[in-house]
Amino acid sequence: MNAGTAQRIALNMLSSLLMIRLGRVYEGLMVDVQAVNQKLIRRSEEMLQKISARSLEEVRHALRQSKGM
């Protein structure tokens, strides 16, 4: 493992631990996501579907209602 790989692993671990300590992780998912682009919007929808066991349309409606998109 070279120095760049070790540094990346250490920084990923640090940021993951920080998010856990701040309470931004739920069931292994980083849920405090600001959906500022299409990729993050899809990720938010997928997380909500997994957590709530609701349909995609219900999840999208809930996100619109909460101004999460």
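1. Buried means under 20% relative accessible area, exposed over 50%, and partly exposed in between, with a 1.4 Å probe and protein chains only. By that rule Ser44 is buried, because its relative accessibility is 11%.

2. The model is predicted: local features need pLDDT of at least 70 and side-chain atom pairs count only at pLDDT 80 or more, while totals for chains, interfaces and linings use all residues. Residues are numbered from 1 along each chain as its sequence is written, and side-chain values use heavy atoms, with hydrogens and water left out.

3. Overall architecture. The protein chain has three helices and two strands, in the order α-β-β-α-α along the sequence. Helices (H or I, at least four residues) and strands (E, at least two) are DSSP runs, numbered from the N terminus.

4. Overall dimensions. The radius of gyration of the protein chain is 15 Å, whereas a compact globule of 69 residues would have one near 11 Å. That radius is taken over C-alpha atoms, and the globule rule is 2.2 Å times the number of residues to the power 0.38. The C-alpha atoms fill a box of roughly 45 × 25 × 20 Å along the principal axes.

5. Burial and contacts. Of the 69 residues of the protein chain, 12% count as buried. With contact meaning heavy atoms within 4.5 Å, 11% of the contacts between residues at least 6 apart in sequence join residues at least 24 apart.

6. Surface. The accessible surface of the protein chain comes to about 5,700 Å², and 55% of this belongs to carbon and sulfur atoms. Accessible areas come from the Shrake-Rupley method with a 1.4 Å probe; for residues, only the protein chains shown count as cover.

7. Nonpolar patch. Met1, Ile9, Met13, Leu17, Ile20, Val25 and Met30 make a nonpolar surface patch of about 700 Å². Helix α1 gives the largest share, four residues. Met13 is in helix α1 and is partly exposed, because its relative accessible area is 48%.

8. Met19. This residue is found in helix α1 (residues 3-21) and counts as partly exposed because its relative accessibility is 22%. Not counting residues up to four places away in sequence, Met19 touches Arg24, Val25 and Met30. Its C-alpha atom is separated by 8.9 Å from that of Asp32, 13 residues apart along the chain.

9. Helix α2. Ser44 is found in this helix (residues 38-52); leaving aside neighbours within four places in sequence, Ser44 is in contact with Val33 and Ala35. Ile41 is also found in helix α2 and counts as buried because its relative accessibility is 17%. Ile41 and Leu63 are 22 residues apart in sequence, with 9.6 Å from C-alpha to C-alpha.

10. Backbone points to check. Most residues other than glycine have a negative phi. Glu27, not a glycine, has a positive phi of about 50°; Glu27 lies in the loop between β1 (25-26) and β2 (29-30) and counts as exposed because its relative accessibility is 58%. Ala53, not a glycine, has a positive phi of about 55°. Ala53 is in the loop between α2 and α3 (56-65) and is exposed, because its relative accessible area is 69%.

Note on methods: Patches are made of residues with over 30% relative accessible area and no salt bridge: like charges are joined within 9 Å, nonpolar side chains (Val, Leu, Ile, Met, Phe, Trp, Tyr) within 5 Å. A salt bridge is a side-chain nitrogen of Lys or Arg within 4 Å of a carboxyl oxygen of Asp or Glu.
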